[in-house]
Amino acid sequence: MIKELTKGVFKENAIFVMGIGLCPTLGVSTKVVNALGMGAGVIFVLICSNIMISLLKDFIPNKVRIPAYIVVIASFTAVVEMVMQAYTPGLFRTLGVFVPLIAVNCVIFARAEVFAGKHTILPSILDALGAGIGFTLGLLVIALIREVLGSGTITLFPLGSFEGVIDIPVLINSPVRIVGLSAGALFVIGFLQAFLNWYIAKKKEVK
Amino acid sequence: MSYVAIIITYVFISNFVLTQFLGMCPFLGVSKNVESAVGMGFAVTFVATMASLVTWMIQHYILVPLNIVFLQTVAFILVIAALVQIVEMVLQKFAPPLYKALGLFLPLMTTNCAILGVAVIAVRANYNALESFTAGFACGVGFLLAIFVMSTIRERIATEDIPKPFRGIPIAFIIAGLMAMSFMAFDKALLKNLIG
């Protein structure tokens, strides 16, 4: 059972291993807080849609399963949109078009098609949680690299006396601006994937 | 905003793929050879143009009058899915050569975030019907331009000796990054100089 949870986090990590869900990854990874918000939204939609689809799998005819999945996922996305707009309007504005685009996120769709449509409710929840955490983790790594190098800060939620922004000593005065721009996002993810390929190849050699 | 300004904005200044990262999956997935890349580019242009017009009508004639704007995402996706289906059938019946060329790519369009993206962006920017139509067309052309350039580069690079860890997707990302850098030359100042 635990395997369903962990496989999505590492072995089948959506961003680095499967290479899906890239549009939001590149688009919202300018700040750590955006990555966290996006990750939370995706995890919520993933779990809800996986529950719904695994419950409905015996009622949905096989031929119309794709449109049915789309409707389920889009409905939960609309919920996320409304909640975000009401409680975190600032985050909703910065994430912009990427909030409604959760509806066409390939990660969610892949989990529905590959897993939830064939399994019972409990494994589906664990699977969704694993895939969601894996996606958020990947997003977080990219956002951390981009924000620290690109603007020399780490932006989190303001909490009590903590303002929510951590400054990195040297980098804040002379950040590597390109990493924060759109070209930088593509470079960061390209080099990270190359590093991962190199690391995996090396590990195999040792064995 | 004038129509020329909309076209320049969505083709160059905020190119959908290279600056907004919409439509990244087909951009990387279908850019291995020029022929299929151009096919995909035209399919996106076609569907994006139609979709942005139809979603504008849905928004202003159905969602706003009935006060159910919160259903926007669901409505748009369903409309786009239906539209893709209709386009597919019409092409198959009346323009078989075009259907043959685009056929493979059309079903992928429903979950292409560039299509839903341009629909949402056009609605949020408060465009009128013709402006939405233009924006959809321009975003498609921007996608076509980016994927065409990408595919020609990747065809050449296929025969080069690339370090092993970089082969495949990583080098594609780095190429895209370099392309994005060159597109940084197009900014708002360009628009001002051209149109005033």
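**Entry 1: helix 1 and helix 7 of chain B**

I began with helix 1 of chain B and helix 7 of chain B, whose axes come within 7 Å and cross at roughly 30 degrees. Angles under 35 degrees count as roughly parallel, so I noted helix 1 of chain B as roughly parallel to helix 7 of chain B. A reminder to myself: this is a predicted model.

Which residues make this contact? From helix 1 of chain B I listed Y3(B), I6(B), I7(B), Y10(B), V11(B) and F12(B). From helix 7 of chain B I listed L130(B), E131(B), T134(B), A135(B), A138(B), C139(B), V141(B), G142(B) and L145(B). Sorted by class, the residues of this contact are 12 nonpolar, 2 polar and 1 charged. I also looked up the hand of the crossing between helix 1 of chain B and helix 7 of chain B, and it is right-handed.

**Entry 2: helix 7 and helix 8 of chain B**

Next I stayed with helix 7 of chain B (residues 129-157) and turned to helix 8 of chain B (residues 169-183). Their axes cross at roughly 130 degrees and come within 11 Å. I therefore wrote down helix 7 of chain B and helix 8 of chain B as oblique to each other. The crossing of these two helices is right-handed.

L145(B) is a residue I had already listed in the contact with helix 1 of chain B.

**Entry 3: helix 8 and helix 11 of chain A**

Then I moved to chain A, where helix 8 (residues 121-151) and helix 11 (residues 182-206) pack at an angle of about 125 degrees. Their axes are 10 Å apart. Helix 8 of chain A and helix 11 of chain A are therefore oblique to each other, and their crossing is right-handed.

Helix 8 of chain A brings V141(A), I142(A), I145(A) and R146(A) to the contact. Helix 11 of chain A brings S182(A), A185(A), V188(A), I189(A) and L192(A). By class I have 7 nonpolar, 1 polar and 1 charged residues here.

**Entry 4: the largest pocket**

Last, I looked up the largest pocket, which has a volume of about 380 Å³. Which residues sit closest to its centre? Of the 19 lining residues, they are F98(A), S14(B), T19(B), Q20(B) and F21(B). Helix 3 (22-28) and helix 6 (89-95) of chain A, together with helix 1 (3-13) of chain B, are the elements that give two or more residues to the lining. The lining divides into 7 nonpolar, 9 polar and 3 charged residues.

Conventions: Residues numbered from 1 in each chain as written. Chains lettered and ligands numbered in written order. Predicted model: local features only at pLDDT ≥ 70, side-chain atom pairs only at ≥ 80, totals over all residues. Heavy atoms only, no water. Axes fitted to C-alpha atoms, helices over the stretch in contact; angles between N-to-C directions. Helix = DSSP H or I, 4+ residues; strand = E, 2+ residues; numbered from the N terminus. Parallel < 35°, antiparallel > 145°, perpendicular 65-115°, else oblique. Left-handed = near helix turned anticlockwise from the far one by under 90°. Contact = heavy atoms within 4.5 Å. Nonpolar A, V, L, I, M, F, W, Y, C, P; charged D, E, K, R; others polar. 1 Å grid on protein atoms, 1.4 Å probe; cavity = no way out; pocket = protein on both sides within 12 Å on 5 of 7 lines; lining within 4 Å. Points joined across faces, edges and corners; volume = space filled by probe spheres on them.
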